[in-house]
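Subject: Structure handover

Hello,

Here is the structure for your files. My notes on what turned up in it follow below.

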Amino acid sequence: MAHDKTGWHGTTILSIRTADQVVIAGDGQVTFGNTVLKSRARKVRLLAGGRVIAGFAGATADAFTLFERLEARLEQYPAQLTRACVELAKDWRTDRYLRRLEAMMAVADRETSLILSGTGDVLEPEDGLIGIGSGGPFALAAARALCDRDDMTGEEMARRAMAIAAGLCIYTNDQVTLESLGETSGQPE
């Protein structure tokens with residue numbers, strides 16, 4: 001997302017994959033220039049009947065469009081997250097309307113975590129960690145520092161890393177939406 005003084009800013013999306021859980025967390029802040037317009041926006045969604053989590057960095061209307069397109073691709077390619085994301089990325093690059101969207105998505109199911117961008121990239125991180133949006137690098141660095149702790153669940157690591165990002169990035173707040181797949185807080189899903 002471009003960071004000019006009069007444009008839309010904000011969003012921190014973080015995905016953490018542990019041995020038994022995948023989590024995507026997103027902050028709730030929406031800003032325009034130096035003004036906070038909303039503090040509790042929901043930027044993380046469950047898709048495909050709760051089998052896929054997606055988090056979005058970009059404008060709200062763009063988010064709904066991309067969530068709908070991804071949902072359609074997941075219906076077309078059930079249980080094939082990578083294929084659905086590659087097909088969405090192709091659409092994103094070739095469709096005249098979608099091509100104008102400046103956004104990124106973090107998407108995960110029980111086996112795979114991916115980053116999708118409007119430039120047609122579909123990337124799988126080597127370490128199972130994703131940080132996108134203005135506060136993404138802060139949350140990602142914090143998550144990397146926490147990921148070797150065996151006394152924290154993925155959810156606890158995500159909440160802690162998001163709190164650190166909120167303390168550093170002026171476009172990130174502490175109103176976190178978190179969705180997870182797998183074991184949560186020691187309880188099977």
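**Valine 107 and its surroundings**

Leaving out neighbours within four places in sequence, valine 107 is in contact with Ile24, Val52, Ile53, Ala54, Leu70, Leu81, Cys85, Thr112, Ser113, Leu114 and Leu116. Please keep in mind that this is a predicted model. Valine 107 belongs to strand β8, and its relative accessibility of 0% is under the 20% limit, so it counts as buried. Its C-alpha atom is 9.6 Å from that of valine 44, a residue 63 positions away along the chain.

**The five-stranded sheet**

Strand β8 is part of an open sheet of five strands, ordered β6-β7-β8-β9-β10 with antiparallel pairing. The edges are formed by β6 and β10 (122–123), each of which pairs on one side only. Between β6 and β7 there are four bridges, in the antiparallel sense. In that pair, arginine 45 stands opposite alanine 54 of β7. Two helices lie against these strands. Helix α1 lies across β6, β7 and β8 (104–108) and runs at about 155° to β7. Helix α2 also packs on the sheet, where it touches β7, β8, β9 (113–117) and β10, and its direction makes about 5° with that of β9.

**Two alanines with positive phi**

Most residues other than glycine have a negative phi. Two alanines are worth a look on that account. Alanine 48 has a positive phi of about 55° and sits in the loop between β6 (44–47) and β7 (52–57). Alanine 79, in the loop between α1 (60–76) and α2 (81–94), has a phi near 60°, also positive. Which of the two terms, buried or exposed, applies to alanine 48? With a relative accessible area of 9%, alanine 48 is buried. Alanine 79, by contrast, counts as exposed, at 80% relative accessibility.

**Strand β3**

How many of the six residues of strand β3 (residues 21–26) are buried? Six of the six are, so the strand is largely enclosed by the rest of the structure. In a regular strand the side chains alternate between the two faces of the sheet. Both faces of β3 are covered, with Gln21, Val23 and Ala25 buried on one side and Val22, Ile24 and Gly26 buried on the other. Ile24 is also one of the contacts of valine 107.

β3 pairs with strand β2 (residues 12–17) in the antiparallel sense over five bridges, and a hairpin of three residues joins β2 to β3. Across this pair, isoleucine 16 stands opposite valine 23. β3 also runs antiparallel to strand β12 (residues 177–182), to which six bridges join it. There, alanine 25 stands opposite leucine 178 of β12.

**Helices α3 and α4**

The last item is a helix pair. The axes of α3 (residues 136–146) and α4 (residues 154–168) come within 8 Å and cross at roughly 140°. Since antiparallel would need an angle over 145 degrees, the two helices are therefore oblique to each other. The crossing of α3 past α4 is right-handed. On the α3 side the contact is made by Phe138, Ala139, Ala142, Ala143 and Leu146, and on the α4 side by Met157, Arg160, Ala161, Met162, Ile164, Ala165 and Leu168. These residues divide into eleven nonpolar, no polar and one charged.

Regards

Definitions and conventions:
Residues are numbered from 1 along each chain as its sequence is written. This is a predicted model: local features need pLDDT of at least 70, side-chain atom pairs count only at pLDDT 80 or more; totals for chains, interfaces and linings use all residues. Side-chain values use heavy atoms; hydrogens and water are left out. Axes are lines fitted to C-alpha atoms, for helices over the stretch in contact, and angles run from 0 to 180 degrees between N-to-C directions. Angles under 35 degrees count as roughly parallel, over 145 as roughly antiparallel, 65 to 115 as roughly perpendicular and the rest as oblique. A crossing is left-handed if the near helix is turned anticlockwise from the far one by less than a right angle, and right-handed if clockwise. Contact means heavy atoms within 4.5 Å. Ala, Val, Leu, Ile, Met, Phe, Trp, Tyr, Cys and Pro count as nonpolar, Asp, Glu, Lys and Arg as charged, and the others, Gly among them, as polar. Buried means under 20% relative accessible area, exposed over 50%, partly exposed in between (1.4 Å probe, protein chains only). Two strands pair if DSSP finds at least two bridges between them.
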